[in-house]
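Please find below a colleague's note on the model shown here.

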Amino acid sequence: AGFAGADLENLMNEAAINAAAHNRQFISRKDIEQAFIKIGIGKEKKSRLISDEEKRITAYHEAGHAILFHELKDVGPVHTISIIPTGTGAAGYTMPLPGKDEMFNTKGKMLQNIIVSLGGRIAEELVFDDVTTGASQDIKQATQTARAMVTQYGMSDKFGMMCLATTENQYLDNRAGLICGEETAAQIDGEVLSIINKCYDDAMQLLIENRESLDKISEYLYEHETITGKEFMKIFREIKGIPEPEEESTKKSFMEQAMDAERQSKGNDGE
């Protein structure tokens with residue numbers, strides 16, 4: 001979901017390269033998933049050495065993101081969680097999987113994205129009573145989202161539907177420049193901080209309520225380094241006492257459905 005034709009072409013090209021690198025004649029689901037991670041996050045650097053302490057901190061950081069992705073209805077679900085460093089400089093990543101193509105963003109979803117962005121830093125605070133520099137990109141992303149809500153999208157209670165910024169250099173950096181006085185600019189900073197602080201409080205409360213899940217998932221992630229969304233959900237359900245959904249054993253694959261349709265078509269032609 002969310003991929004245009006060119007994105008899908010790039011995805012399958014990367015999957016084909018991965019299949020060829022492993023001497024496979026056909027592209028497998030695993031090749032596609034690895035290509036999806038490479039395109040969305042960046043290539044994993046498994047050769048990079050990190051200490052056990054950093055590894056444990058990263059596990060809690062990413063588990064914090066993952067739990068909030070699960071708990072908030074408009075973001076997620078979780079696709080992959082990893083504490084393997086990437087080529088972009090991140091110590092790990094939590095990748096959601098969009099369920100459908102969307103043209104518009106909502107205020108509620110943008111607030112939830114800010115909450116998720118703050119989850120890693122808050123998990124560090126809760127567990128280690130200290131913070132690291134690992135949340136720098138998360139903080140930047142949360143601040144940009146909150147500022148856009150206030151200045152561009154009319155989602156601020158203080159300023160209402162007043163446009164306070166316009167996009168400059170649309171075809172270069174697409175950066176928004178303020179179109180207001182210094183006094184208003186200072187008030188914008190205060191409103192942005194207010195949104196982030198409210199999201200921070202909401203994220204903190206959710207992680208406190210899910211502290212047992214945070215501990216168990218981070219421990220499992222520390223041991224395995226990379227876990228899937230299904231593994232994440234299995235641990236989460238066990239802790240919450242939620243029964244596993246019944247597998248649809250009778251559900252046919254896409255290929256089986258296509259073959260059935262072909263047989264039915266031939267049968268109709270015979271009649």
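**Order of elements**

1. From the N terminus onward, the elements of the protein chain follow the order α-α-α-β-β-α-α-β-β-α-α-β-α-α. In total there are nine helices and five strands, where helices (H or I, at least four residues) and strands (E, at least two) are DSSP runs numbered from the N terminus.

2. The model is predicted: local features need pLDDT of at least 70 and side-chain atom pairs count only at pLDDT 80 or more, while totals for chains, interfaces and linings use all residues. Residues are numbered from 1 along each chain as its sequence is written, and side-chain values use heavy atoms, with hydrogens and water left out.

3. Of the 271 residues in the protein chain, 34% are buried (under 20% relative accessible area, 1.4 Å probe, protein chains only). Among contacts (heavy atoms within 4.5 Å) with a separation of 6 or more, 65% join residues 24 or more positions apart.

4. The second largest pocket has a volume of about 1,300 Å³. A pocket is an open set of points on a 1 Å grid over the protein atoms alone, where a 1.4 Å probe fits, with protein on both sides within 12 Å along at least five of seven lines; lining residues have an atom within 4 Å of a point. The volume is the space filled by probe spheres set on the points, which are joined across faces, edges and corners.

5. Glu33, Gln34, Ile37, His79 and Thr80 are the closest to the centre of this pocket among its 37 lining residues. The largest contribution to the lining, nine residues, comes from α2; α1 (5–21), α2 (29–40), β1 (78–82), β5 (226–228) and α8 (229–240) each supply at least two.

Notes. Buried means under 20% relative accessible area, exposed over 50%, partly exposed in between (1.4 Å probe, protein chains only).
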